[in-house]
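Subject: Handover of a structure and notes on it

Dear colleague,

Please find the structure below, together with its sequence. My notes follow it, and I would ask you to read them with the model open beside you.

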Amino acid sequence: MKVLVTGGTSGLGLAMASALAATGASVALTGRSGERAESVAAGLPGATGVEMDVRDESSVARAVDRAWSRLGGIDMLVNNAGIGMRTVNPHFMTQPQGFWEVPSDAFRAVIDTNLTGYFLVAREITPRMLASGGGRIVNISINHSTMRRAGFVPYGPSRAGSEALSRIMAADLRGTGVTVNLLLPGGATLTGMLPQDVAPEGHGFLRPAVMGPPIVWLASDDAAGVHDERIVAAEFGQWLRDWESRQ
């Protein structure tokens, strides 16, 4: 399996890239800094780092070209690159802002990364997958409660939009050989998106490694043809048992 993981230098992206690489997948992970992406990739077996700014069409096109060439094709895209509320309000958990207090440039930055970025990368890679006979797209999402939580503009709307985008992508691609699924942790996770003024101890935060088992399964032969599913990583074991019982 040849996999492109956007935003793969830290957090959920790195956890998924690491889990995939450990199973023998060839992984290209991206970051806005090509140097950092290459440095992180050097620590994973069979991985390569690629510079990509998901907000910029030309950067996305160059990165997909480079990843496709280095891996010899791409079987799976993991749309993960994103920024959180911390970039808008460093104290968003303890001092939430009303939507009317959010600067317009901060709103656009989050939407451009979390929603437009998913669209641009998927738009660039989908025609290649169609031409090669198939592929898999996994879009990373969040809990529905976070999408409508007070003080979570623009992060909540950006992820609500990316989830709607994913569902429409799945509808557009049904029957083509390219599958689209949603994957989310299932709760607040210990990543750089947490605010600095919230101590992780005692809060029951998930660890990024929770994303490993479901992304490895989605890259496996068992998941061939799985389409338009919404998988919560923290509940993956039960979800898989339920899914298998329906087959």
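What covers the buried residues of helix H1 includes strand S1 (2–5), strand S2 (26–31), strand S4 (76–79), strand S5 (135–140), strand S6 (178–184) and helix H7 (212–218). Helices (H or I, at least four residues) and strands (E, at least two) are DSSP runs, numbered from the N terminus. Buried means under 20% relative accessible area, exposed means over 50%, and partly exposed lies in between (1.4 Å probe, protein chains only).

Please note that this is a predicted model, in which local features need pLDDT of at least 70 and side-chain atom pairs count only at pLDDT 80 or more, while totals for chains, interfaces and linings use all residues. Residues are numbered from 1 along each chain as its sequence is written, and side-chain values use heavy atoms, with hydrogens and water left out.

The buried residues of H1 are Leu12, Gly13, Ala15, Met16, Ala17, Ala19, Leu20 and Ala21. An α-helix has 3.6 residues a turn, so residues three or four places apart point the same way. H1 comprises 12 residues (residues 11–22), which at 1.5 Å a residue should span 16 Å; its end C-alpha atoms are 17 Å apart, which agrees. The expected span is 1.5 Å times one less than the number of residues in the helix. Just after H1, glycine 24 adopts a positive phi of about 100 degrees.

S1 and S2 run parallel and are joined by 4 bridges; two strands pair if DSSP finds at least two bridges between them. Leucine 4 has alanine 28 in S2 as its bridge partner. Together, S1, H1 and S2 form a right-handed β-α-β unit. Right-handed here means that, with the strands pointing away from the viewer, the path from the first strand over the helix to the second runs clockwise. S1 also runs parallel to S4, to which 3 bridges join it, and valine 5 has valine 78 in S4 as its bridge partner.

Threonine 6

Threonine 6 is located in the loop between S1 and H1. Is threonine 6 buried or exposed? Its relative accessible area is 0%, so threonine 6 is buried. Its side chain reaches the backbone nitrogen of alanine 81 at 2.9 Å. This is a polar contact, that is, a pair of N or O atoms within 3.5 Å; within protein, one must be able to donate a hydrogen and the other to accept it, and residues adjacent in sequence count only if both atoms are side-chain atoms. Leaving aside neighbours within four places in sequence, the residues in contact with threonine 6 (heavy atoms within 4.5 Å) include Thr30, Met52, Val54 and Val121.

Strand S6 and leucine 183

In S6, 7 of its 7 residues are buried. Val178, Val180, Leu182 and Leu184 lie on one side, and Thr179, Asn181 and Leu183 on the other. S5 and S6 pair in the parallel sense over 6 bridges, with valine 138 opposite asparagine 181. S6 is also parallel to S7, through 3 bridges, and leucine 183 has isoleucine 231 in S7 as its bridge partner.

Leucine 183 is buried because its relative accessible area is 0%. Beyond neighbours within four places in sequence, its contacts include Met16, Val138, Met211, Pro214 and Ala233.

Salt bridges

How many salt bridges does a search of the whole structure find? The search finds 7, a salt bridge being a side-chain nitrogen of Lys or Arg within 4 Å of a carboxyl oxygen of Asp or Glu. Side chains of opposite charge can pair when their charged atoms come close.

One of these joins arginine 55 to aspartate 53, with the closest N and O atoms 2.8 Å apart. Arginine 55 is partly exposed, at 38% relative accessible area, whereas aspartate 53 counts as buried at 19%.

Another joins glutamate 57 to arginine 123, at 3.0 Å between the closest N and O atoms. Glutamate 57 lies in helix H3 (residues 57–71) and arginine 123 in helix H4 (residues 104–132), so the pair ties together parts that are 66 residues apart in sequence.

A further salt bridge links aspartate 228 and arginine 174, whose closest N and O atoms are 3.4 Å apart. Salt bridges that share partners join Arg167, Arg174 and Asp228 into one network.
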